[in-house]
Amino acid sequence: MTTATGTDLDRPASEPPTRQIALGRRIKDHVATVLVSLAFLIAVVPLVWVLVTVIARGLPAILSADWWGYSLSGVLPEEYEGGVYHAIYGTLIQAFIATVIAVPVGILAAIYLVEYGRGPLARAVSFMVDILAGVPSIVAALFVFAAFISILGAPQSAFMVSLALVLLMLPVVIRNTEEMLRLVPDRLRESAYALGIPKWKTILRIVLPTALSGTVTGVMLAIARIMGETAPVLVLVGYARAINYDPFEGNMASLPLLMYSELSNPEAAGQYRIWGAALTLIIIIMIFQVGASLISRFSAIPK
Amino acid sequence: MAKRIDLKDVDIYYGAFHAVQNVNLTVIPRSVTAFIGPSGCGKSTVLRTLNRMHEEIAGARVEGEILLDGENIYDRGTDAVAVRRTIGMVFQMPNPFPTMSVRDNVVAGLKLQGVRDKKKLDEVAEASLRGANLWKEVKDRLDKPGGGLSGGQQQRLCIARAIAVQPDVLLMDEPCSALDPISTLAIEDLIADLKKQYTIVIVTHNMQQAARVSDQTGFFNLEATGKPGHLVEIDDTEKIFSNPTEQATEDYISGRFG
């Protein structure tokens with residue numbers, strides 16, 4: 001790097017080591033870049049494929065006039081009329097009942113684990129939550145079937161599905177709420193205690209509000225997750241083509257169950273309804289997930 | 001208002017670890033008592049036992065007596081919550097409640113103790129903010145989040161919050177160590193004001209600060225890491241800084257160790 005005015009003294013004694021990257025390292029860099037990009041593509045391809053297929057095949061169904069407002073009551077297998085109103089209602093009410101049960105229990109359990117739990121009981125609860133988180137949905141469904149239907153003699157109903165969903169939702173809610181509560185700095189608790197505020201009030205009025213945004217987001221994501229569960233509806237409730245508003249009695253449709261039952265429909269309308277229901281389910285879950293991110297954005301603690 | 005605290009043969013443990021050994025001292029009402037000493041000597045630990053705050057750490061316990069105007073705050077049947085209403089605390093890091101506005105932060109203690117009267121809460125908020133020398137700076141942003149203030153303002157907000165519940169004693173655990181010199185000065189002026197009404201105990205790493213704000217100073221030390229800390233001596237601040245009784249105190253103050 002000599003310049004016109006430079007003398008030998010201005011020149012570096014040896015070539016600066018930063019001047020050029022060694023060939024070996026350049027090759028490694030390129031190989032790594034290609035591998036990582038490839039892995040990304042491989043991961044994205046099935047996702048896009050599924051989405052495109054579901055949208056392309058489901059779109060005609062969900063755009064039809066009756067889709068969102070009518071059930072399949074009285075619709076023959078080969079007919080394209082009717083809609084999935086009854087199944088949307090079923091999916092939502094089953095998830096709603098599960099949420100009403102699982103959220104208070106889950107949040108209280110998380111509060112116990114974070115704020116009170118010391119010693120063997122807390123470790124046992126925490127261990128059980130881990131076990132529960134690993135339980136496959138079919139096992140949860142069979143447990144409810146065995147415990148409530150076989151032993152206690154309860155009839156098959158949407159409520160039984162909700163109970164199985166509670167088992168699947170609880171560990172998600174507990175773990176998430178636990179994380180959020182642990183994020184609340186201890187110095188906030190200490191300064192509340194130092195004001196002479198009792199512990200339970202500190203938790204209720206200081207700790208929970210601080211953790212609220214993340215907790216609600218987690219609950220929304222948990223709801224989104226259980227709405228697609230199929231095993232509980234296959235085991236615990238019969239399919240109905242008409243609307244049944246009563247979750248405690250009789251058969252009730254839900255979107256996964258409707259898809260399953262249409263599988264045995266040999267007519268083309270069956271395929272049409274399966275793809276429509278699939279797209280509908282994805283849209284509903286999307287709404288909950290977008291809702292979750294909106295809530296976390298707008299209820300975040302202002303700086 | 002303003003109560004006296006006596007420590008008699010106080011030993012503090014964290015589980016099996018003996019943190020502080022045999023402390024005897026008296027905190028005089030309407031004065032500032034400073035605790036100084038090297039890191040790990042137990043001065044903050046002693047401070048936290050004065051309002052039973054150290055109990056929040058698993059395995060921590062206290063032996064001996066801590067008397068607040070003659071009553072042992074560790075008596076069976078004494079409520080830690082009641083003790084803390086009498087003995088307030090300001091922490092090292094400013095820690096306003098992030099979900100609350102400036103006003104709600106100040107009256108958080110009263111509100112959560114069940115005071116509902118909005119007029120009274122507003123009065124207390126103003127009086128406490130004036131008491132903490134913060135009123136002029138925040139009176140137009142009482143409804144803004146407390147976390148939006150500067151560090152020094154947040155610390156004064158925390159002091160306002162502590163005095164809003166009208167304690168008799170105010171404990172300060174290195175209240176200025178996270179602040180710049182100007183905010184530190186503001187807090188020191190405030191301490192001089194507050195001691196007219198309150199009994200103040202302050203832990204500080206800054207010896208000049210102890211010399212500036214306190215009436216009596218206690219020097220804590222520990223013989224070696226892992227050994228319990230102990231109170232070397234406690235005396236009038238002027239005497240500690242000019243002519244201490246113990247050689248260790250003089251060594252520490254003159255900067256020969258620590």
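Buried residues have under 20% relative accessible area, exposed residues have over 50%, and partly exposed residues lie in between (1.4 Å probe, protein chains only). By this scale B:Glu55 is partly exposed, with a relative accessible area of 27%. The structure is a predicted model, in which local features need pLDDT of at least 70, side-chain atom pairs count only at pLDDT 80 or more, and totals for chains, interfaces and linings use all residues. Residues are numbered from 1 along each chain as its sequence is written, chains are lettered from A and ligands numbered from 1 in the order in which they are written, and side-chain values use heavy atoms, with hydrogens and water left out.

**Annotated span and surface patch, chain A**

- The unreviewed UniProt entry lists residues 88-296 of chain A as "domain: ABC transmembrane type-1"; UniProt positions are given in the numbering used here, feature names are shortened, and annotations may be inferred rather than shown by experiment.
- This span, residues 88-296 of chain A, is 79% helix and 0% strand, and its end C-alpha atoms lie 26 Å apart. Helices (H or I, at least four residues) and strands (E, at least two) are DSSP runs, numbered from the N terminus.
- A:Leu23, A:Ile27, A:Val31 and A:Leu35 make a nonpolar surface patch of about 390 Å². Patches consist of residues with over 30% relative accessible area and no salt bridge, where like charges are joined within 9 Å and nonpolar side chains (Val, Leu, Ile, Met, Phe, Trp, Tyr) within 5 Å.
- Accessible areas come from the Shrake-Rupley method with a 1.4 Å probe, and for residues only the protein chains shown count as cover.

**Aromatic pairs and charges over rings**

- Six aromatic pairs are counted over all chains. Rings of Phe, Tyr and Trp (its six-membered ring) pair if their centres lie within 6.5 Å; planes under 30 degrees apart count as stacked, over 60 as edge-to-face and the rest as tilted.
- One of the aromatic pairs is edge-to-face: A:Trp67 and A:Tyr272 are 6.4 Å apart centre to centre, with 80° between the planes.
- A:Trp67 lies in the loop between helix 1 and helix 2 (85-116) of chain A and A:Tyr272 in helix 10 (residues 268-298), so this pair ties together parts that are 205 residues apart in sequence.
- Both A:Trp67 and A:Tyr272 are buried, and together with A:Tyr80 they form one aromatic cluster.
- In chain A, A:Lys199 lies over the face of A:Tyr116 at 4.6 Å from the ring centre; in chain B, B:Arg161 lies over the face of B:Phe97 at 4.4 Å from the ring centre. A charge sits over a ring if NZ of Lys or CZ of Arg is within 6 Å of the ring centre and within 35 degrees of the ring normal.

**Salt bridges**

- Side chains of opposite charge can pair when their charged atoms come close.
- Over all chains, the whole structure has 25 salt bridges, each defined as a side-chain nitrogen of Lys or Arg within 4 Å of a carboxyl oxygen of Asp or Glu.
- B:Arg84 and B:Glu55 form a salt bridge whose closest N and O atoms are 4.0 Å apart. B:Arg84 lies in helix 2 (residues 80-86) of chain B and B:Glu55 in the loop between helix 1 (43-49) and strand 4 (60-68), so the pair ties together parts that are 29 residues apart in sequence.
- The salt bridge of B:Glu137 with B:Arg156 has its closest N and O atoms 2.9 Å apart. This pair links distant parts of the chain, 19 residues apart: B:Glu137 is in helix 6 (residues 135-138) and B:Arg156 in helix 7 (residues 151-164) of chain B.
- B:Glu137 is partly exposed at a relative accessible area of 36%, while B:Arg156 is buried at 8%.
- Salt bridges with shared partners join A:Asp130, A:Arg175, A:Glu178 and A:Arg182 into one network.

**Positive phi, chain B**

- B:Asn133, although not a glycine, has a positive phi of about 60°. B:Asn133 is placed in the loop between helix 5 and helix 6 of chain B and is partly exposed, with a relative accessible area of 39%.
- B:Glu174, also a residue other than glycine, has a positive phi near 45°. B:Glu174 lies in the loop between strand 7 (169-173) and helix 8 (181-194) of chain B and counts as buried at 10% relative accessibility.
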